[in-house]
Amino acid sequence: MLLGTGAVWAGTATGGDPKPVVAVADASATPTPTPTPTAPELRPAPTLASVAGPLRTCSVADLAADSRLGEFQAQVVNAETGEILFDRGGSTASRAASVLKVLTSAAALSVLGPDYRATTTVVAGSEPGQVVLVGGGDLTLSSTPTGDESFYAGAAHLDALAEQTRAALGGTAITSVVLDSSYFGDPAWEPSWDRKEQTDGYMPPITALQVDGDRDNPYNSTSARSDDPVDRAGAAFAGELGGDASVSVGTAPAGASQLASVQSQPVSTLIQQSLIVSDNAVAEMLGRLVAVEGGTGNTFAAIQPAVLAGLAEYGIDTTGIRIIDGSGLSDNNAVPPAYLTKLFQKINASEGSLGVIFDGLPVAGGSSGSLSYSDRFSGSNADADGAVFAKTGWIDTGYTLSGIINAGDGSTLTFAVYALGDVGDNAKQAIDTITTGFFRCGNNLSNN
């Protein structure tokens with residue numbers, strides 16, 4: 001039947017006339033529900049296509065395989081983008097030799113500031129006629145006459161200090177001189193250093209009072225050092241004072257009045273003097289002053305916490321770095337090449353006061369410094385002359401080089417190369433050769 005209220009015609013089996021019948025809805029019937037429209041499934045939005053990096057094709061793999069490089073580590077970074085172009089053990093902390101001086105210098109700029117000067121003073125002693133020469137950590141203080149420059153150009157001179165002292169005392173005769181070097185603590189010699197560095201003329205014992213970096217010859221970079229820098233300084237000062245004053249070691253009386261003072265060159269100059277020829281005495285001077293001013297102490301053990309605190313300003317992770325001294329002479333120092341490439345990015349950008357370090361870096365083929373020697377960047381490696389600004393490093397167990405390359409294609413690279421282990425002097429030439437390879441490849445340098 002038709003459901004609803006409309007009429008239908010129904011007949012009987014007897015054939016009677018059909019009569020209209022009212023259709024009644026079946027209450028038991030289930031109404032068909034109205035379909036609920038469903039939203040079509042959305043297609044996922046397409047992801048952005050990744051930008052393909054350049055296909056770099058300039059390989060230095062054959063240069064990296066040079067046996068002269070020993071246990072080879074290196075990293076090269078594009079200084080503008082921060083992209084790592086080449087890496088061989090870049091995250092492994094290893095001895096960096098004198099390249100460590102870059103970290104010491106960066107910490108000195110942070111903790112001391114570029115204008116800090118170390119001061120040597122003379123104060124009145126505890127009895128009449130006695131004066132106390134108080135070392136303030138200036139290892140460049142010179143015994144040469146004023147106007148006669150020592151190896152450390154612009155250094156303060158003992159004769160000026162003696163003249164001030166005599167003037168301050170008027171006619172009082174000086175009968176005794178006390179030498180106070182307590183600003184730096186013992187030991188004066190780091191136990192991991194080889195003593196031949198002292199006798200060969202590369203490193204003095206580190207005392208807060210000494211003259212000319214304790215050189216036998218104050219005019220030469222390399223000159224044998226003594227066993228007692230304080231005694232050498234005292235004898236020189238007594239000689240400048242004149243007379244026959246006795247000399248002894250002690251400490252200044254508390255609150256003693258100052259009679260005279262002279263100051264070192266500023267830290268900015270000391271850093272450049274340290275880096276250009278890799279001067280160990282100045283680097284240790286800076287490391288120890290960073291510790292004293294940083295409040296960690298005045299011994300070798302105080303250098304690491306002070307330097308790491310100073311480096312924190314630059315925002316680079318220092319994990320794995322171990323600092324035993326300020327100069328890098330110890331085999332126990334450890335710095336990852338990756339730290340150096342990041343720090344040199346900031347040096348290249350002259351961030352903060354770090355441009356001071358750039359100004360002190362040796363230059364390949366330059367007129368002075370440790371990359372100007374005839375055995376560095378010679379022959380075909382002279383292609384990179386004038387384009388490599390880098391700190392050299394050498395100890396008995398390795399050679400290193402780290403800095404900045406203005407590459408041939410116009411890009412700027414930062415790099416660090418370590419040749420460690422049983423390597424010889426010819427490791428320097430192998431380092432120069434692969435560095436020249438970096439220069440030639442530029443931003444096309446391949447990691448393969």
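Mentor: Start with contacts, meaning heavy atoms within 4.5 Å. In the protein chain, 67% of the contacts with a separation of 6 or more are between residues 24 or more positions apart. This is a predicted model, where local features need pLDDT of at least 70 and side-chain atom pairs count only at pLDDT 80 or more, while totals for chains, interfaces and linings use all residues. Residues are numbered from 1 along each chain as its sequence is written, and side-chain values use heavy atoms, with hydrogens and water left out.

Trainee: How many helices and strands does the protein chain have, and how do you know what to count?

Mentor: The count is 11 helices and 12 strands. They are DSSP runs numbered from the N terminus: helices are H or I with at least four residues, strands are E with at least two.

Trainee: What makes the contact between Asp-279 and Arg-215 a salt bridge?

Mentor: The term asks for a side-chain nitrogen of Lys or Arg within 4 Å of a carboxyl oxygen of Asp or Glu. The closest N and O atoms of Asp-279 and Arg-215 are 2.8 Å apart, so the pair qualifies under that limit.

Trainee: Are Asp-279 and Arg-215 buried or exposed, and how do you know?

Mentor: Both are buried. Buried means under 20% relative accessible area, exposed means over 50%, and partly exposed is in between, with a 1.4 Å probe and protein chains only. Of the 448 residues of the protein chain, 50% count as buried.

Trainee: Why is the pair Cys-58 and Cys-441 called a disulfide?

Mentor: A disulfide is a pair of cysteine sulfur atoms within 2.5 Å. The sulfur atoms of Cys-58 and Cys-441 are 1.9 Å apart, so the name applies. The torsion about their S-S bond is about -65 degrees, so the disulfide is left-handed. Cys-58 is in the loop between strand E2 (19-22) and helix H1 (61-64), and Cys-441 is in helix H11, 383 residues apart. The structure holds 1 disulfide.

Trainee: What makes Cys-441 buried?

Mentor: Cys-441 has 6% relative accessibility, so it counts as buried.

Trainee: What is the phi of Asp-214, and is Asp-214 buried or exposed?

Mentor: Phi of Asp-214 is near 60 degrees, a positive value in a residue other than glycine. Asp-214 has a relative accessible area of 0%, so it is buried. Phe-377 has phi near 50 degrees, again a positive value in a residue other than glycine. At 2% relative accessibility, Phe-377 counts as buried.

Trainee: Why are H2 and H6 called roughly antiparallel?

Mentor: Helix H2 (residues 100-111) and H6 pack at an angle of about 180 degrees, with their axes 10 Å apart. Axes are lines fitted to C-alpha atoms, for helices over the stretch in contact, and angles run from 0 to 180 degrees between N-to-C directions. Under 35 degrees is roughly parallel, over 145 roughly antiparallel, 65 to 115 roughly perpendicular and the rest oblique, so H2 and H6 are roughly antiparallel.
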